[in-house]
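Notebook open, viewer running. I want to go through the chains and jot down what I look up as I go.

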Number of protein chains: 2
Amino acid sequence: MDCAESLFKTAAAAGIDVCFANAGTSEMPMVSALDRVPAIRGILCLFEGGCTGAADGYARMAGRPAMTLLHAGAGVANASANLHNARRARSPMLNLIGDQPTWHRPFDPLLNSDLDAIAGWSSAWVRRADVAARLAADVADAAEAAQQAPGRIASLILPLDALWEDVAGPANAKPYPRPLAVPGATVEAIARALRGAKRVALLLRGPALQEAGLRAAARIRAITGCRLLCDTFVPRIDRGAGLPAVEKVPYFPEDGVASLAGVTDLVLVGGTEPVAFFGYPGQPSQFAPADCRRHVLARPEDDGAAALAALADALGAPAAAKAEALPVLAKAPAGRLTNQTMGEALAHVLPEGAIVVDESITGSAPLYAATAGAARHSYLMITGGAIGWGIPGATGAAVACPDRPVIAMQADGSGMYTLQSLWTQAREGLNVTTVIYANNTYEIIKVELARAGIDKPGPRASALADFHDRPLDWVALAQGHGVPGVRVDRAEDLMREIAKAIAEPGPHLIEAIL
Amino acid sequence: MDCAESLFKTAAAAGIDVCFANAGTSEMPMVSALDRVPAIRGILCLFEGGCTGAADGYARMAGRPAMTLLHAGAGVANASANLHNARRARSPMLNLIGDQPTWHRPFDPLLNSDLDAIAGWSSAWVRRADVAARLAADVADAAEAAQQAPGRIASLILPLDALWEDVAGPANAKPYPRPLAVPGATVEAIARALRGAKRVALLLRGPALQEAGLRAAARIRAITGCRLLCDTFVPRIDRGAGLPAVEKVPYFPEDGVASLAGVTDLVLVGGTEPVAFFGYPGQPSQFAPADCRRHVLARPEDDGAAALAALADALGAPAAAKAEALPVLAKAPAGRLTNQTMGEALAHVLPEGAIVVDESITGSAPLYAATAGAARHSYLMITGGAIGWGIPGATGAAVACPDRPVIAMQADGSGMYTLQSLWTQAREGLNVTTVIYANNTYEIIKVELARAGIDKPGPRASALADFHDRPLDWVALAQGHGVPGVRVDRAEDLMREIAKAIAEPGPHLIEAIL
């Protein structure tokens, strides 16, 4: 068996069976091996940022890593912005990175670059698999490393000469590491502290934002009256009818500080306390009041959902919180579209079990608020601020969950970074409906200019933030990638077109003119 | 004067007046300052790879750096593949990279990443400009660093807090470093060696491939009968009618070795000896015969063109080589398009003074050969193997030379990496004609699979190299970016459409079905 075949068989044995690929010459053995390992589904992306964004979206929904197949330093460089997002989302991922034969690298061929530096900064685990006989074991190690709770990026650099060799066979998969159990003493100590606490907030992260964690958090709320919070940029939260509503920590420091004012006890479940996305002159970096008590119930590597249930028990909470009151949906919107009515329109037509992928940037706060009372859904956001995650992320989520419709709410400026993933949606027949917020602007830049006191930027500054003078034609862009597209500028038309797109198999794009 | 204004005024004083920009929040002071420094032309690119690819194309034609404006680590990551190409082309470039305020970084906000690692590997010079009073001087240093012959990438990391401060004013530009003169003794020694040499080849790199260097090389050829060679991936060569023809070193090792077989003396002008792009089992890394004598006439940092002239003098060559015989153009092609007829068609309609940008990959060898006898033109190639350089590179070349038509001969798979640069061409009204080699394949992968003995890859391997099942619609993609497009599949139609596109101002795209 050749080494590349042993690689994929080892991955398959470890439960990793999807590979988002953009190969080059040095990955030929791996490309060719796919014909001999049908357990692995290779999915072509026309840009590497599409591979890693898809692997991230996949991992958030599947709860396990996908592979990516990347070509040398240049390929990893192109993949890096979405590796950054995946790192911030704590998504597991296994990158296979082809490289020159070891004996050729000292000649510094043109494609050579500092691959260790390029792959190193975003990966928690990197290894150069340069001995064929050990390579399958390297893959098993990488799979284990990626699955370290809550999820990590593992990168395996694969020189071409090792891949061509014959080896004995695949390696056995290692058992996946489990999240760590939170000690009872930690739970008890926090329960004691909360009994006398005045204003408690739970900040939930990671898997604690799925059903079991949310129900446990609702029990704690029932007995303490605490608030339930999640991060501004939440990797995944399950929400909608029947699940407790979770407030997002606001984006801007003044809003974040106002939101957390008066909190006396902040319970951290799966992460650290909220920090501003950007630093602004005269504004604080942290949002929680200085005198608020911080309680670390679970670190990222801990089982946060179980810790929440244990805390609820320790507090003597009822076994189940009473049924959640459904937040009231705004009435069906009509007329010209705004960020507000975009969210309302989606809330009205969102089917049970949908996956909402949110890279709407300035549209995000109203979108999250408007969909709180919608049918049950999973909601995924860009996490690291490296725009160009949405279309790839939606692609990966759809691969993970072929039976759940995916609706990608996508800012236009951000969407342009990785629009090539539309093609992968078309080729794979994925059920993704992309809704473009077509404001022909980097709206966030205008907002930030205004915050910096520049309400009326001059024409030269404006030209770097606004492209109304030369609007994009997203319907044509979609068509170019093989995705049917339509343009709307009214809320009622948007609702109709979303419903229609979801009813038809395969991808669709709706350009919503704002 | 605020610090950002002093930054651009210093750059302008150093002769750097174009800025390819994709800004985010941390670059607001720079965006805003552009309104106060009209000497700087800000050009919006919708993806960072478009910024750095354009700056590279600009530098190759203008002979001086452009700036790029990039947003934090994520922005530099997206820009990196084309930074790699620029590094391999030895193009000067000045990157301005916005970052968080220094006091906010320790809180590790989500956008934080290892910016020093991300910017470091491709840049020859990196500095963190965190003291406002010194920042203008940092810019002057960066401009000088970028201009170190033959050209380097200089990256300045600019924390937001420094940029908002008031400063005294811009810094004085430093004189640009000049290429170093090659010592007379070196020239004399090589002249002596060549007098008795049997089969001499000159390998020309860098500025030696422009008119003065080429004419000096032709003088040497006239007296020694030597061959004139350039690299497979040549950053820029001026060629066509009236200039001596220069052979490209072939791509594959077996061809490279065959091409250099029998060479007794290899004169290196501006670089090192030829090395295979990839290493293949059983094939050598270096092309030149082991017993061939290597003579380093000029290092990259030396004045290669002057050294060639001195060598010609030392050899007693005639003051000017006799007029070059024009290589004969193939007759005008007709019928269905192939890589061969694509090149012939271009050769027939190429106007005097055109700039040909070649990222046609598998189309490149026939393109270069077919255009040898065309009208005088500059020919630019992707240099580092990081595909996605062509459309941005053509954009930058057109900014540098608004009066010269640019024709981008573009492979489809590679073009998809950075197609967003079409929009910049439309907005800026650039005279670029993009000709897409629409074979709906990563043809090079098929070639490499065949070289690896896999003539008939299975369906799963093929699916990662071939997308005929879901062809791209480049006319729609062009339209989506605001560029008029047309589709052709015959050579006579291609010639007509190229001529028409060149005659009309602004960008055009021609999808050539292969």
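**Entry 1: ground rules.** For contacts I count heavy atoms within 4.5 Å. I also remind myself that this is a predicted model.

**Entry 2: how the chains meet.** I started with the contact list: 96 residues of chain A are in contact with 96 residues of chain B. Then I looked up the area, and the two chains bury about 8,000 Å² between them. Carbon and sulfur atoms account for 63% of that. On the chain A side, I noted that Leu110(A), Arg460(A) and Leu464(A) lose the most area to chain B. Together these three make up 10% of what that side buries.

Entry 3: I looked for charge pairs next and got 4 salt bridges between chain A and chain B. One I wrote down is Arg427(A) with Asp469(B), where the side chains meet at 2.9 Å, N to O.

Which parts of chain A supply at least two residues each to the side that touches chain B? I listed strand S2 (41-44) and a set of helices: H2 (28-33), H4 (72-89), H16 (421-428), H17 (443-451), H18 (459-462) and H19 (474-480). H4(A) gives the largest share, with 8 residues. I sorted that side of chain A by residue type as well: 54 nonpolar, 28 polar and 14 charged.

**Entry 4: symmetry.** I laid chain A on chain B and got an RMSD of 0.0 Å. The move is a turn of 180 degrees with a shift of 0.0 Å along the axis. The two copies are therefore related as by a two-fold rotation axis. Both copies use the same surface, and 100% of the contact residues of chain A recur in chain B.

**Entry 5: salt bridges in the whole structure.** A search over all chains finds 70 salt bridges.

I picked a few to look at one by one. Glu428(A) pairs with Arg41(A), and their closest N and O atoms are 2.9 Å apart. This pair links distant parts of the chain, with Glu428(A) in helix H16 and Arg41(A) in strand S2 of chain A, 387 residues apart. Buried or exposed, or in between? Glu428(A) is partly exposed at 24% relative accessible area, and Arg41(A) is partly exposed at 32%.

Next I looked up Glu254(A) and Arg451(A), whose side chains meet in a salt bridge at 2.5 Å, N to O. This one also joins distant parts of the chain: Glu254(A) sits in helix H10 (residues 253-260) and Arg451(A) in helix H17 of chain A, 197 residues apart. I have Glu254(A) down as partly exposed, with a relative accessible area of 34%. Arg451(A) is partly exposed too, at 28%.

How far apart are Arg451(B) and Glu448(B) in helix H17 of chain B? They are 3 residues apart in that helix (residues 443-451), so about one helical turn separates them. Arg451(B) is partly exposed, with a relative accessible area of 29%. Glu448(B), at 3% relative accessibility, counts as buried because the cut-off for that is under 20%.

I also noted a network in chain A. Salt bridges that share partners join Arg127(A), Asp138(A), Asp141(A), Glu144(A) and Lys174(A).

**Entry 6: Arg219(A).** I clicked on this arginine, which lies in helix H9 (residues 211-224) of chain A. At 10% relative accessibility, Arg219(A) counts as buried. What does Arg219(A) touch, not counting residues up to four places away in sequence? I wrote down Ala309(A), Ala312(A), Asp313(A), Ala317(A), Pro318(A), Ala319(A), Ala320(A) and Ala321(A).

**Entry 7: Ala189(A).** Ala189(A) is in helix H8 (residues 184-195) of chain A. I have Ala189(A) as partly exposed, with a relative accessible area of 35%. I also took a distance to Val257(A): the C-alpha atoms of Ala189(A) and Val257(A) are 27 Å apart in space, and the two residues are 68 residues apart in sequence.

Definitions and conventions
Residues numbered from 1 in each chain as written. Chains lettered and ligands numbered in written order. Predicted model: local features only at pLDDT ≥ 70, side-chain atom pairs only at ≥ 80, totals over all residues. Heavy atoms only, no water. Buried area = accessible area lost by both parts, 1.4 Å probe. Helix = DSSP H or I, 4+ residues; strand = E, 2+ residues; numbered from the N terminus. Nonpolar A, V, L, I, M, F, W, Y, C, P; charged D, E, K, R; others polar. Least-squares fit on C-alpha atoms with pLDDT ≥ 70 in both. Buried < 20%, exposed > 50% of the residue type's maximum accessible area, 1.4 Å probe, protein only.
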